[in-house]
Amino acid sequence: MSEELSPTARTILGFLASHPRSGYEIREAAKRAVSFFWGVSDGQLYPQLKLLESRNLIEAFEPPGGPRARQSWRLTAQGREELLAWLRLPSAPVQTRDENLVKILFAANLDREETVRLIRERRESFQWLREHLGTMVPQAAWTEDERRAALPTPGRIRDYGLAFAQSAIDWCDTVEAELTGGTP
């Protein structure tokens with residue numbers, strides 16, 4: 001392929017690997033499954049669907065018995081090959097953008113009370129994340145056959161998020177205790 005696919009295009013291929021979906025279903029699956037570590041906006045999604053179709057990596061079809069206006073997409077054999085080739089490549093290094101952490105880095109310019117406020121703000125954010133992830137049911141929209149055929153990775157990604165959130169909460173507890181003279 002002459003031009004490399006965007007990360008959004010590759011994410012779309014991944015969502016279509018388990019079963020065909022409409023653009024709306026891809027968007028909703030992305031919100032549920034990857035929104036905390038990967039963004040897929042409508043402005044990216046629909047142009048990328050057309051690009052993937054033009055490259056014969058996905059194809060449009062009308063699902064039987066479905067609404068006529070809802071176009072669904074499925075992976076082609078070439079699209080599956082492209083997805084597998086990408087999955088086998090080394091991943092890019094992890095990069096995180098975190099404004100609160102940058103503020104904490106420069107908190108020496110604040111008084112102790114304001115710094116504690118930043119730590120508490122961070123804790124609340126991760127408590128919300130932990131609570132939200134705790135309500136998620138990986139593979140809930142999949143058929144029983146799809147669940148049986150799949151590896152447990154969607155549940156493990158949820159577990160990773162829960163452990164990550166708890167680790168950040170524990171860190172906040174420790175730092176706040178250091179700043180206030182308490183014990184974590």
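How many aromatic pairs does the count come to? The structure examined here is a predicted model, in which local features need pLDDT of at least 70 and side-chain atom pairs count only at pLDDT 80 or more, whereas totals for chains, interfaces and linings use all residues. Residues are numbered from 1 along each chain as its sequence is written, and side-chain values use heavy atoms, with hydrogens and water left out.

The count comes to 2 aromatic pairs, where rings of Phe, Tyr and Trp (its six-membered ring) pair if their centres lie within 6.5 Å, and planes under 30 degrees apart count as stacked, over 60 as edge-to-face and the rest as tilted. The rings of F126 and F164 have centres 5.7 Å apart and planes at 70 degrees, so this pair is edge-to-face. It links distant parts of the chain, since F126 lies in helix α6 (residues 112–135) and F164 in helix α8 (residues 153–180), 38 residues apart; helices are DSSP runs of H or I with at least four residues, strands are runs of E with at least two, and both are numbered from the N terminus. The rings of Y160 and F164, with centres 6.3 Å apart and planes at 10 degrees, are stacked, and these two residues, 4 apart in helix α8, are separated by about one helical turn.

Elsewhere, the axes of helix α1 (residues 7–18) and helix α2 (residues 23–33) come within 10 Å and cross at roughly 100 degrees, the axes being lines fitted to C-alpha atoms over the stretch in contact, with angles from 0 to 180 degrees between N-to-C directions. The two helices are therefore roughly perpendicular, a term for angles of 65 to 115 degrees. In their contact (heavy atoms within 4.5 Å), I12, F15 and L16 of α1 meet I26, A29, A30 and A33 of α2.

An open sheet of 3 strands has the order β1-β3-β2 with antiparallel pairing, two strands being paired if DSSP finds at least two bridges between them. The edge strands, each pairing on one side only, are β1 (21–22) and β2 (58–61). Strand β1 pairs with β3 (residues 72–75) over 2 bridges, and the bridge partner of R21 in β3 is W73.

Conventions. Parallel < 35°, antiparallel > 145°, perpendicular 65-115°, else oblique.
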